[in-house]
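Cover geometry, handedness and the residues in contact.

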Amino acid sequence: MTDAAVAALRAAGCVFAEDEAALLRAEAQDDQHLQLLLAERVAGRPLEQVVGWAELEGVRVRMSPGVFVPRRRSALLVRLATAAVRTGHERVVDLCCGSGALGAVLLTRHPHLDLHAADLDPAATACARSNLPPERVHDGDLYDALPHHLRGSVDVLVVNAPYVPSGAIATMPSEARDHEHHLALDGGADGLDVQRRVIASAPTWLAPGGLTVVETGRAQADTTAALMRSAGLEPRQHRAADVDGCAVSGRQV
Ligand SMILES: C[S@@+](CC[C@H](N)C(=O)[O-])C[C@H]1O[C@@H](n2cnc3c(N)ncnc32)[C@H](O)[C@@H]1O
């Protein structure tokens, strides 16, 4: 069976066919279940959605079909947010939270954070509720989802909003294009439509001295920084070569 699984995965274009076969085998309850998982993977579903979990910075989070698979490059956001934590009791918001992976890593490192997460996609918030304290996960459009009492009191705002330009979606790998909700990918004409709204309202939600950290594309970093500056936040660009990450932070002055 394993040889057949490896052959099927290889034929479907999986580069690490042996590793993937071993993972599917470990997750499968029996041979029939293994065939089911294999068929989903061969049909192009991301491995993380097939096995039902993903890992970010050593933390395992649950995954659901259609929900954005946390990318390795987002480790940079988590590192920047972690560096901003001083007491361990800070108020942190993971906006556009998807599976809640970023918040889950932060909570694993600092269990006493006052963490809230929000997303517009009900599939994402349902998934995030399985990874975070469920009462801390809110549904709705950006800040509209958040409890009003958080206004003006957020110490760290972590945001991985969609930033792929609409015209580039067609060039994305099928795993993303066909198996992640386009709401999670499509950032409008220049990719920055959602970021623009996030950054424009960030100062209203940040505490004095609070920090916003936003993941962005390399080619978009200057524009993201300019958006921060015009919102009155002091921008800094960050790169992490080990995970190929790019982000801009903005401090409320
Ligand atoms: C690139 S994914 C990031 C998910 C997660 N933060 C991560 O890094 O794994 C972007 C997320 O933004 C959400 N989103 C898009 N537009 C939104 C909006 N207007 N309000 C709230 N969430 C939104 C999508 O549903 C998706 O879950």
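## Basis

The model is predicted. Two packed helices are described by the angle between their axes and the distance between the axes.

## Helix 5 and helix 6

Helix 5 spans residues 75-84. Helix 6 spans residues 101-109. The two pack at an angle of about 40 degrees. Their axes lie 10 Å apart. That angle makes helix 5 oblique to helix 6, because angles under 35 degrees count as roughly parallel and 65 to 115 as roughly perpendicular. The crossing of helix 5 and helix 6 is right-handed.

Which residues meet in helix 5 and helix 6? Helix 5 brings L77, V78, A81 and T82. Helix 6 brings L102, V105, L106 and R109. By class, this contact of helix 5 with helix 6 has six nonpolar residues, one polar and one charged.

## Helix 9 and helix 10

Helix 9 covers residues 193-205, and helix 10 covers residues 221-230. Their axes are 8 Å apart, at an angle of about 30 degrees. Angles under 35 degrees count as roughly parallel. Helix 9 and helix 10 are therefore roughly parallel to each other. Is their crossing left-handed or right-handed? The crossing of helix 9 and helix 10 is right-handed.

On the helix 9 side, the contact uses Q195, R196 and I199. On the helix 10 side, T224, L227 and M228 meet them. The residues of this contact of helix 9 with helix 10 divide into three nonpolar, two polar and one charged.

Technical notes. Residues are numbered from 1 along each chain as its sequence is written. This is a predicted model: local features need pLDDT of at least 70, side-chain atom pairs count only at pLDDT 80 or more; totals for chains, interfaces and linings use all residues. Axes are lines fitted to C-alpha atoms, for helices over the stretch in contact, and angles run from 0 to 180 degrees between N-to-C directions. Helices (H or I, at least four residues) and strands (E, at least two) are DSSP runs, numbered from the N terminus. Angles under 35 degrees count as roughly parallel, over 145 as roughly antiparallel, 65 to 115 as roughly perpendicular and the rest as oblique. A crossing is left-handed if the near helix is turned anticlockwise from the far one by less than a right angle, and right-handed if clockwise. Two residues are in contact if their C-beta atoms, placed from the backbone, lie within 7 Å. Ala, Val, Leu, Ile, Met, Phe, Trp, Tyr, Cys and Pro count as nonpolar, Asp, Glu, Lys and Arg as charged, and the others, Gly among them, as polar.
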